[in-house]
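Please look over the sequence and the model below before reading the notes.

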Amino acid sequence: MNTSSHSNLIMQAKGIVKRYGQVTALDGTDFELRAGEIMAIIGDNGAGKSSLIKALSGATVPDEGELLLDGKPVRFKSPIDARRAGIETVYQDLAVAPAMSIAENLFLGRELLKPGFIGQLLRLLDKKEMLAQAIARMQELKVGIRSMTQAVETLSGGQRQCVAVARAAAFAQHVVIMDEPTAALGVKEGNMVLELIRRVRDKGLPVILISHNMPHVFEVADRIHIQRLGKRAAVVNPKTISMSDTVAVMTGAKTVDELPADAHA
Amino acid sequence: MTTSQKRNIPWGVLGPWIALGVTCLFFATQSDRFLSGGNLSLVLQQVMVVGVLAIGQSLIILTAGIDLSCGMVMALGGVVMTKFAVNYGIDPYAAILCGLAVTTGFGLINGLLVTRIKLPPFIVTLGTLNIAFAITQIYSESQTVTNLPSAMTALGDTFNLGSTEVSLGTVTMLLLYALAWFVLRDTAPGRHLYAVGNNPEAARLTGINVDRVLLFVYALAGLFYGIAALLSVARTGVGDPNAGQTENLDAITAVVLGGTSLFGGRGIILGSLVGAVIVGVFRNGLTLMGVASVYQTLITGILVILAVAADQMSRKGAR
């Protein structure tokens, strides 16, 4: 079990350091993501949670440390680099163009062009193919939205987030990173997105989930990475640790040594 | 259910046509000459300059920007191309290209200030409005350029379509609209322009180079102002340093009347053509009614505020 999961490390960060002037946001933090899991990252404000995510998604370049994707060292200078390497990020502020259709949003910046020289030269859109693929992707993820040609602004907040998640899942080769995907949503809508996150994992894509919402984290995460004071404090198993113990480690009320042995993952 | 059905009526697309119909009906009751073939062809010829300016303006407004300098840049382009041909004896076609290069360059400067220094388009183009006006006056010494070679006014030539006279300039304008409509609707760069206007952050995160799109749009708008300059020169037969003063606001009015949102990302380019015709019909109809041109300007001002208010309210209603 242990050996197989170690050979299945999709993403690995070793000794990542990131300083902003006097402030050390990441103080040699490690991170591991296994194949087929939902790994939640939690941490108090200032624990270096967002800095870690920025380093993993290419939004910042770490000062020190090593990033491995499928065992190979990688360096991302921008989110575009990370995306090219197969890492898609879903941002909390619903990064969609509301006046444009669902199909257009799914393919925004990666439009399919008509085949042939003319299509490539004039960059003519292959709207039929994009529509067909949009329908197929959404069905695959069981997103119950009928028309792919309706504007995203006609959707609810949860449905919009589902479009953003579906877009990431459709294009990610290795990893989907989700930054507070349920933060702006109500209870029902949040559950809809959680369900979708599970389906993305079941499709075979590992997910990194950043969330403040402990019940959500405990509902979907396979493992939880607790970030504290710029370092990885522990990786715990949500099935064997209580929510209060998790929060205690996160805030420093309890040390890692005080946790029961089976809490670690 | 009723709300979703209401939302399905594309007021943004139908509104301009309804406004045009109502306007035409009104003027038809006010003047017998309004609906005559000769008058309608006159309207179309008057529309072509504002119409082409409005294409460039539409592209910029779709990116949630605005260009207050369009008419003045056009005047500069007109003076440059005519002076180059008449005063320096340059081949008229080469002179036209020089004029287009100047207006495109001005657009590029607007674009650079907006993207590199991150200044609001309103302020940038308010500045270049004055700069372009001043350069035009200084360079032309406020003199109208006359005795143009015939090649420069060729687009003002007309042919008969049935009983109506159609100018080559009007045909040029319609072809440019068809081209812009196709590019915006059916190509990747066209959709990127909408995305940049609709949610620049989302566009950036999907890998669209937002600054490059903006820079391209402002430069391209400058090229359209240059073409409008050529049409203006062809129509009037002179290089007029005072051209573009009414057309400046008229072009913005046309775009807004055509249903393009000043907040960016929403609108159909063909609406701007309808908007330009509405503005043209207003000016023509009011002239036929004997309304002085200051009052026309007054009414155009009210018109643009009404159109923006309608856009604002329809957006609130959709929420």
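This is a predicted model: local features need pLDDT of at least 70, side-chain atom pairs count only at pLDDT 80 or more; totals for chains, interfaces and linings use all residues.

Residues are numbered from 1 along each chain as its sequence is written, while chains are lettered from A and ligands numbered from 1 in the order in which they are written.

**Chain A**
- Chain A holds ten helices and ten strands (DSSP runs, H or I of at least four residues for helices and E of at least two for strands, numbered from the N terminus).
- The C-alpha trace of chain A spans about 65 × 40 × 40 Å along its principal axes.
- Of its 265 residues, 43% count as buried (20 or more other C-beta atoms within 10 Å of the residue's own, with C-beta atoms placed from the backbone).

**Contact between chains**
- In chain B, 18 residues are in contact with 19 residues of chain A (C-beta atoms, placed from the backbone, within 7 Å).
- On the side of chain B that touches chain A, helices H8 (188-198) and H9 (200-205) of chain B each supply at least two residues.
- H8(B) gives the most to that side, with six residues.

**Nonpolar core**
- The largest nonpolar core has 168 residues (buried Ala, Val, Leu, Ile, Met, Phe, Trp, Tyr and Cys joined through C-beta atoms within 7 Å).
- Val165(A), Val176(A), Ile197(A), Val52(B) and Leu53(B) touch the most other members of this core.
- Helix H10 (residues 210-236) of chain B provides the largest share of this core, 16 residues.
- Not counting residues up to four places away in sequence, Ile197(A) touches Ile38(A), Val165(A), Met178(A), Val207(A), Leu209(A) and Val220(A).

Methods:
Two residues are in contact if their C-beta atoms, placed from the backbone, lie within 7 Å. A residue is buried if 20 or more other C-beta atoms lie within 10 Å of its own, exposed if 12 or fewer, and partly exposed in between; C-beta atoms are placed from the backbone.
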